[in-house]
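Subject: Structure handover and notes

Dear colleague,

I am passing on the structure below, followed by some notes on what was found in it. Please read them with the sequence and the model side by side.

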Amino acid sequence: MEAVESVDMIKLEKEFLQRGYSFGIFEDPPGQQWLDFVHSVDELLVVLEGDLVVVIDGIHCYPEVGEEVFIPANSNHDVITGPNSGSRWAYGYRHQD
């Protein structure tokens, strides 16, 4: 995987935190599938490297590097890395007050 210069990680983390979200990074191998997840809080996901398919309540999204995906609370969702390259993506969960 090649690092993407266009995503400023410090700025991205600051934006997540200012918006009330946690911040973390996943690095997945080719073909990794996270299936049938449901969280009780909203989630944000930003692609940093590679190809991802995000399926939210049956709707397929194909986000580009740097693009944010909003996953509403209580939505069934999958995050699938393409078969030919790994992926790296930022995620965060909305803090509950």
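Phe-16 is buried, at a relative accessible area of 0%, where buried stands for under 20% relative accessible area, exposed for over 50% and partly exposed for what lies in between, with a 1.4 Å probe and protein chains only. Its partner in an aromatic pair is Phe-23, which is partly exposed, at 23%. The pair is edge-to-face, with 5.3 Å from centre to centre and 90° between the planes; rings of Phe, Tyr and Trp (its six-membered ring) are taken to pair if their centres lie within 6.5 Å, and the planes count as stacked under 30 degrees apart, as edge-to-face over 60 and as tilted for the rest. By this rule there are eight aromatic pairs, and one aromatic cluster is formed by Phe-26, Trp-34, Phe-37, Trp-89, Tyr-91 and Tyr-93.

Before going further, please note that this is a predicted model, in which local features need pLDDT of at least 70 and side-chain atom pairs count only at pLDDT 80 or more, while totals for chains, interfaces and linings use all residues. Residues are numbered from 1 along each chain as its sequence is written, and side-chain values use heavy atoms, with hydrogens and water left out.

As to the chain overall, its secondary structure comes to one helix and eight strands, in the order α-β-β-β-β-β-β-β-β along the sequence; helices (H or I, at least four residues) and strands (E, at least two) are DSSP runs, numbered from the N terminus. The radius of gyration, taken over C-alpha atoms, is 13 Å, which agrees with the value near 13 Å that a compact globule of 97 residues would have under the rule of 2.2 Å times the number of residues to the power 0.38. Along the principal axes, the C-alpha atoms fill a box of roughly 40 × 30 × 15 Å, and 36% of the 97 residues count as buried.

The largest nonpolar core has ten residues, among them Leu-45, Val-54, Ile-71 and Trp-89; such a core is a set of buried Ala, Val, Leu, Ile, Met, Phe, Trp, Tyr and Cys residues joined through side-chain atoms within 4.5 Å. Two or more of its residues come from each of the strands S3 (43–49), S4 (52–56), S6 (68–71) and S8 (87–93), and the largest share, three residues, is given by S4. A second, separate core has eight residues, including Val-7, Tyr-21, Leu-44 and Leu-48. In soluble globular proteins, nonpolar side chains tend to be buried together.

Thr-81 is buried, at a relative accessible area of 2%, and its C-alpha atom is separated by 5.9 Å from that of Asp-51, 30 residues apart along the chain. Leaving aside residues up to four places away in sequence, Thr-81 touches residues including Pro-30, Asp-51, Leu-52 and Ser-87, where contact means heavy atoms within 4.5 Å. His-77 is buried as well, at 4%, and, with neighbours within four places in sequence left out, its contacts include Trp-34, Phe-37, His-39, Ile-56 and Ile-71.

With kind regards
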